[in-house]
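Hi there,

I'm handing over the structure we talked about, so please have a look at it below.

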Amino acid sequence: HSYSSATCTKPPICSRCGYINGNAIGHNYTSATCDTPCVCLNCNETNGYALGHQYSNNSCMRCGKIDPKSLPVKLSTLHVIDNYYGYKHVDSFIDSFGNTYSDAHIYYVQYYSIFNTDKEYKTFSASLVAASNSDSSDSYTIEIYADDSLVWKYKGYSKLTGKIDIDADIKNAKTLKIVVS
């Protein structure tokens, strides 16, 4: 006889006469994880589905992975839906008080930008600072919109105001709009 090797689903079979000698070895599945279904260690066949993450308090109760929606997202990574010469992204920025910031967005007066948030974020947090070359007599209004609802506003911002922290509720918003006037 010349037997084939047993597989998970087929026993050893003689290639000459078809005689079956023994049994299939059967699948040997791993346990499913949050990211992968059960996988047979012998043949790599999958069975079922990945369990999926169960987030509670910003981490998965099964594997401990941090909920990506709880992490800060950089504005530069969001897709721009509409932009009326609203901003310029720079790697480094020095404000009117000489403080340096990284990954900054410079907004110009009378401009806006709309970003796709796709209902993935709960809050928009940022710091507002003025450029060192701003005129100290200028006064600005900054507005943050979640979809079309005003969620944060600061009126009368100037070069002399200093850093202002923004924390705006954007839960369930498909878009984030930043307006400078």
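Asp 67 sits in the loop between strand E4 (59-60) and E5; strands here (E, at least two residues) and helices (H or I, at least four) are DSSP runs, numbered from the N terminus. Asp 67 is buried but has no salt bridge. Buried stands for under 20% relative accessible area, exposed for over 50%, and partly exposed for anything in between (1.4 Å probe, protein chains only). A salt bridge needs a side-chain nitrogen of Lys or Arg within 4 Å of a carboxyl oxygen of Asp or Glu. For Asp 67, the nearest side chain of opposite charge is Lys 122, 5.9 Å away. In that charge count Lys and Arg are positive, Asp and Glu are negative, and His and the chain ends are not counted. Leaving out residues up to four places away in sequence, Asp 67 touches Tyr 55, Asn 58 and Ser 59, where contact means heavy atoms within 4.5 Å.

Before you go further, some ground rules. This is a predicted model, where local features need pLDDT of at least 70 and side-chain atom pairs count only at pLDDT 80 or more, while totals for chains, interfaces and linings use all residues. Residues are numbered from 1 along each chain as its sequence is written, and side-chain values use heavy atoms, with hydrogens and water left out.

Now the whole chain. Of the 181 residues, 29% count as buried. The accessible surface comes to about 11,700 Å², and 47% of that belongs to carbon and sulfur atoms; such areas come from the Shrake-Rupley method with a 1.4 Å probe, and for residues only the protein chains shown count as cover. Among contacts in the chain with a separation of 6 or more, 47% are between residues 24 or more positions apart.

On to the strand pairing, where two strands pair if DSSP finds at least two bridges between them. Strand E5 (residues 80-84) and strand E8 (residues 111-116) run antiparallel and are joined by 4 bridges, with Phe 115 in E8 as the bridge partner of Val 80. E8 is also joined, again antiparallel, to strand E13 (residues 175-180) by 6 bridges, and there Ser 113 stands opposite Ile 178 in E13. E13 pairs with E10 as well, in the antiparallel sense over 5 bridges; Ile 142 has Val 180 in E13 as its bridge partner. How covered is E13? Mostly, as 5 of its 6 residues are buried.

How many salt bridges does the structure hold? There are 2. In one, Glu 143 pairs with Lys 153, the closest N and O atoms being 3.8 Å apart. That pair links distant parts of the chain: Glu 143 is in strand E10 (residues 140-146) and Lys 153 in strand E11 (residues 149-157), 10 residues apart. Glu 143 counts as buried at 13% relative accessibility, whereas Lys 153 is partly exposed at 45%. In the other, Asp 165 pairs with Lys 163, with the closest N and O atoms 3.9 Å apart. Here Asp 165 is partly exposed at 48%, and Lys 163 is partly exposed at 46%.

Leu 160 lies in the loop between E11 and strand E12 (164-169) and is exposed, at 62% relative accessibility. Leu 160 touches Phe 97 and Ser 136, not counting residues up to four places away in sequence. Its C-alpha atom is 9.0 Å from that of Ser 137, 23 residues apart along the chain. Lys 10 is in the segment before strand E1 (38-39) and is exposed too, with a relative accessible area of 54%. Lys 10 and Ile 25 are 15 residues apart in sequence and 7.7 Å apart in space, C-alpha to C-alpha.

Cheers
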